[in-house]
Amino acid sequence: MDEKNFTGVKEFILLGFTADPGVQQVLFFIFLIIYIFSLLGNMTLISLICADSQLHTPMYFFIGNLSFLDLWYSSVYAPKILVTCISEDKSISFAGCLAQFFFSAGLAYSECYLLAAMAYDRYVAISNPLLYSQAMSPRLCASLVAASYLGGFVNSTIITSETFTLSFCGDNVIDDFFCDLPPLVKLACDVKESYQAVLYFILASNVITPTVLILASYLFIIAAILKIRSTQGLTLLGQDGMFEKVGEWAGLEQSEGEGEWWVLGDQVL
């Protein structure tokens with residue numbers, strides 16, 4: 001299929017924030033500082049997690065991957081934004097816009113899935129702490145991260161292919177500082193119902209589903225915390241001798257005197 005059949009533009013123009021050169025220079029230094037701090041912060045966190053063996057836990061494994069995603073996500077946008085602020089050339093090629101859109105969507109969707117995995121990790125840690133290391137094995141953690149990346153970039157491939165096969169037959173000026181979905185769809189002149197169905201699918205699979213999983217995980221966490229607090233009622237069982245019977249069956253011995261406690265062998269409980 002000839003390219004003229006699905007697009008009438010070879011490049012896009014990014015309007016950015018403002019056309020005032022003085023304000024653009026100020027914005028350049030602001031974004032540059034923010035970008036540098038973002039890079040240093042994420043790189044430092046990843047380095048610390050890799051260097052310290054005590055941080056080789058599922059929680060920090062997920063945090064390290066989240067920092068990795070943030071590192072690359074900011075790098076997708078920041079360089080082009082900085083160039084746009086100080087250059088008179090505000091254009092971005094069709095291929096460059098496609099690449100920026102693809103990687104930004106893939107990283108963003110992957111982060112949504114990863115946040116859901118992190119919420120599940122916290123649920124397991126709180127609801128079943130004794131079996132946490134077995135439940136959240138390195139293999140499972142790596143599988144969850146891999147599934148997050150796979151799901152994110154598969155969906156990104158779908159939405160990118162559907163978006164950049166639209167007919168951009170009108171103006172090529174993007175009223176934004178990067179290639180995002182709303183301004184690109186605004187430039188298209190043949191948005192069909194099938195494309196809207198794809199948008200609904202992407203919204204459901206990458207936003208609604210992870211959000212529901214995150215909320216469900218934290219609801220279970222709250223329920224687990226309330227259940228743990230309810231075990232304080234065991235002190236009432238100790239008053240009628242039931243707890244002593246259970247303790248004897250488990251090999252526990254009760255100390256005598258003020259401030260009683262339970263002893264299992266040489267360990268004080």
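In this predicted model, the count of cavities of 30 Å³ or more comes to 1. The space in the largest cavity amounts to about 70 Å³. Which residues line the largest cavity? Its lining consists of Leu 15, Gly 16, Phe 17, Thr 18, Gln 24, Leu 27, Ile 81, Thr 84, Cys 85, Lys 90 and Phe 177. Sorted by class, this lining holds 6 nonpolar, 4 polar and 1 charged residues. Two helices, H1 (21-51) and H2 (58-86), each supply at least two residues of the lining. The largest share, 3 residues, comes from H2.

The open spaces may be considered next. The largest pocket has a volume of about 250 Å³. Its lining is made up of 17 residues, and those that lie nearest its centre are Ile 49, Thr 57, Tyr 60, Phe 61 and Asn 65. H1, H2 and helix H5 (138-163) are the elements that give two or more residues to the lining of this pocket. H2 gives the most, with 6 residues. In terms of class, the lining of the largest pocket has 12 nonpolar and 5 polar residues, and no charged ones.

The packing of H2 against other helices is the next topic. Two packed helices are described by the angle between their axes and the distance between the axes. The crossing in which H2 passes H5 is right-handed. On the H2 side, the contact is made by Pro 58, Phe 61, Phe 62, Asn 65, Phe 68 and Leu 69. On the H5 side, the contributors are Cys 141, Ala 142, Leu 144, Val 145 and Tyr 149. The residues of this contact divide into 10 nonpolar and 1 polar, with no charged residue. Phe 61 and Asn 65, which take part in the contact of H2 with H5, are also among the residues nearest the centre of the largest pocket.

The pair H1 and H2 has another arrangement. The axes of H1 and H2 come within 9 Å and cross at roughly 160°. Angles over 145 degrees count as roughly antiparallel, and H1 and H2 are therefore roughly antiparallel to each other. H1 passes H2 in a left-handed crossing. The contact of H1 with H2 comprises 20 nonpolar, 7 polar and 1 charged residues.

H2 also packs against helix H3 (residues 94-127), at an angle of about 160° and with the axes 10 Å apart. This angle makes H2 roughly antiparallel to H3. The crossing of H2 and H3 is left-handed. The residues of the contact of H2 with H3 divide into 17 nonpolar, 4 polar and 5 charged.

Note on methods
Residues are numbered from 1 along each chain as its sequence is written. This is a predicted model: local features need pLDDT of at least 70, side-chain atom pairs count only at pLDDT 80 or more; totals for chains, interfaces and linings use all residues. Side-chain values use heavy atoms; hydrogens and water are left out. On a 1 Å grid over the protein atoms alone, a cavity is a set of points where a 1.4 Å probe fits but cannot get out, and a pocket is an open set with protein on both sides within 12 Å along at least five of seven lines; lining residues have an atom within 4 Å of a point. Grid points are joined across faces, edges and corners, and a volume is the space filled by probe spheres set on the points. Helices (H or I, at least four residues) and strands (E, at least two) are DSSP runs, numbered from the N terminus. Ala, Val, Leu, Ile, Met, Phe, Trp, Tyr, Cys and Pro count as nonpolar, Asp, Glu, Lys and Arg as charged, and the others, Gly among them, as polar. A crossing is left-handed if the near helix is turned anticlockwise from the far one by less than a right angle, and right-handed if clockwise. Contact means heavy atoms within 4.5 Å. Axes are lines fitted to C-alpha atoms, for helices over the stretch in contact, and angles run from 0 to 180 degrees between N-to-C directions. Angles under 35 degrees count as roughly parallel, over 145 as roughly antiparallel, 65 to 115 as roughly perpendicular and the rest as oblique.
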